[in-house]
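Reader: I am new to this structure and would like to go through it in questions and answers. Please show it to me.

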Amino acid sequence: MFDGKLETFIKVAECGSFTKAAEDLYITPTAVMKQINALEKAARFC
């Protein structure tokens with residue numbers, strides 16, 4: 001199953017910042033932060 005949040009996480013790691021990752025993904029930095037926050041929240045329940 002594909003999860004866009006994981007793609008975002010990898011892009012942030014590659015770029016080194018939320019802003020640069022957002023530019024590469026054609027979304028806003030706020031959207032990147034929300035996806036990372038959702039991923040962190042989901043990881044707490046594993």
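Author: The largest nonpolar core has 5 residues, namely V12, A21, A22, V32 and I36. A nonpolar core is a set of buried Ala, Val, Leu, Ile, Met, Phe, Trp, Tyr and Cys residues joined through side-chain atoms within 4.5 Å. At least two residues of this core come from each of α2 and α3. This is a predicted model, in which local features need pLDDT of at least 70, side-chain atom pairs count only at pLDDT 80 or more, and totals for chains, interfaces and linings use all residues. Residues are numbered from 1 along each chain as its sequence is written, and side-chain values use heavy atoms, with hydrogens and water left out.

Reader: Which helix has the highest mean pLDDT among the elements of the protein chain?

Author: pLDDT is the predictor's confidence in each residue, from 0 to 100. Helices are DSSP runs (H or I, at least four residues), numbered from the N terminus. The lowest mean, 95, belongs to helix α3 (residues 29-44), and the highest, 98, to helix α2 (residues 18-25).

Reader: Is T8 buried or exposed?

Author: T8 lies in helix α1 (residues 4-15). Buried means under 20% relative accessible area, exposed over 50%, partly exposed in between (1.4 Å probe, protein chains only). Because its relative accessibility is 3%, T8 counts as buried.

Reader: Where does Y26 lie?

Author: Y26 is not a glycine, yet has a positive phi of about 60°. At 76% relative accessibility, Y26 counts as exposed. Y26 lies in the loop between α2 and α3.
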